[in-house]
Amino acid sequence: MIVKAILSAKGGDVITIEPTASLETAAKTLAAHKIGALLVLGPDRRVVGILSERDIVRTLAERGAGALGEPLSQVMTRKVVTCSQSDTVGVLMERMTTGKFRHLPVVEQEQVIGVVSIGDVVKHRLMEMEHESAALRDYIQTA
């Protein structure tokens with residue numbers, strides 16, 4: 001299974017935000033869309049950062065509620081690990097596990113075409129396992 005298959009099933013909608021937006025605006029956007037991370041895009045629509053719920057918790061713990069007025073450029077994760085449509089689910093799981101994060105932007109030719117979450121990966125891996133199990137059952141029944 002590759003990323004392209006996951007995106008074709010879930011779609012390529014990506015919720016983004018600008019680095020000048022406040023942390024409070026970002027938190028409200030996450031809540032409104034019921035998502036766990038926002039991609040922060042620069043003026044050229046390229047990824048300049050990512051903001052996860054974990055980033056918000058860390059920032060509030062370190063700086064207090066006053067940080068809600070700060071621009072995302074001061075609190076976002078700048079080193080963003082990405083993937084491409086041709087990456088396998090195994091590669092994604094390894095990157096997520098190693099990096100201890102749950103969202104990977106899918107980038108082609110420096111443009112974002114989607115985001116894959118750990119939930120997407122688990123869902124598709126479970127579907128694969130169900131198909132394998134069904135194929136084995138069919139094989140056993142016909143043998």
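**Strands, helices and salt bridges**

Strand β2 (residues 37-41) runs parallel to β1, and two bridges join them. Keep in mind that this is a predicted model.

Q: What makes β1 and β2 count as a pair?
A: Pairing takes at least two bridges between the strands. Two bridges join β1 to β2, so they qualify. I17 stands opposite V40 in β2.

Q: Why are β1 and β3 called edge strands?
A: The open sheet has three strands in the order β1-β2-β3, with mixed pairing. β1 (16-17) and β3 (47-52) each pair on one side only. Helix α2 (residues 23-33) packs on this sheet and touches β1, β2 and β3, its direction making about 130 degrees with that of β2.

Q: Why is L39 called buried?
A: The label needs a relative accessible area under 20%. L39 has 2%, so it is buried. This residue sits in strand β2, and beyond four places in sequence it touches V14, I15, T16, I17, G49, I50, P105, V112 and V115.

Q: How do you know that the buried residues of α3 line one face of the helix?
A: The buried ones are D55, I56 and T59. Seen down the axis of α3, they fall within an arc of 100 degrees, so they line one face. What covers them includes α2 and β3, while the face turned away from the buried side carries the exposed residues V57 and A61.

Q: Why does D87 count as buried?
A: D87 is at 15% relative accessibility, and the label applies under 20%, so buried it is. D87 is in the loop between α3 (53-63) and α4 (89-99).

Q: Why is the pair K10 and D120 called a salt bridge?
A: The rule asks for a side-chain nitrogen of Lys or Arg within 4 Å of a carboxyl oxygen of Asp or Glu. The side chains of K10 and D120 meet at 2.7 Å, N to O, so the pair passes. K10 is in helix α1 (residues 3-10) and D120 in helix α5 (residues 118-142), 110 residues apart, which links distant parts of the chain.

Q: What makes K28 and E24 a salt bridge, and why are they about one helical turn apart?
A: Their closest N and O atoms are 3.3 Å apart, within 4 Å, so the pair counts. K28 and E24 are four residues apart in helix α2, which means about one helical turn.

Q: Why is K28 exposed but E24 partly exposed?
A: Exposed means over 50%. K28 has 52%, so it is exposed. E24 is at 38%, between 20% and 50%, so it counts as partly exposed.

Q: How many salt bridges does the rule give?
A: The count comes to eight. D44, R46 and E110 are linked in a network of salt bridges.

How values were computed
Residues numbered from 1 in each chain as written. Predicted model: local features only at pLDDT ≥ 70, side-chain atom pairs only at ≥ 80, totals over all residues. Heavy atoms only, no water. Buried < 20%, exposed > 50% of the residue type's maximum accessible area, 1.4 Å probe, protein only. Contact = heavy atoms within 4.5 Å. Axes fitted to C-alpha atoms, helices over the stretch in contact; angles between N-to-C directions. Arc of directions from axis to C-beta.
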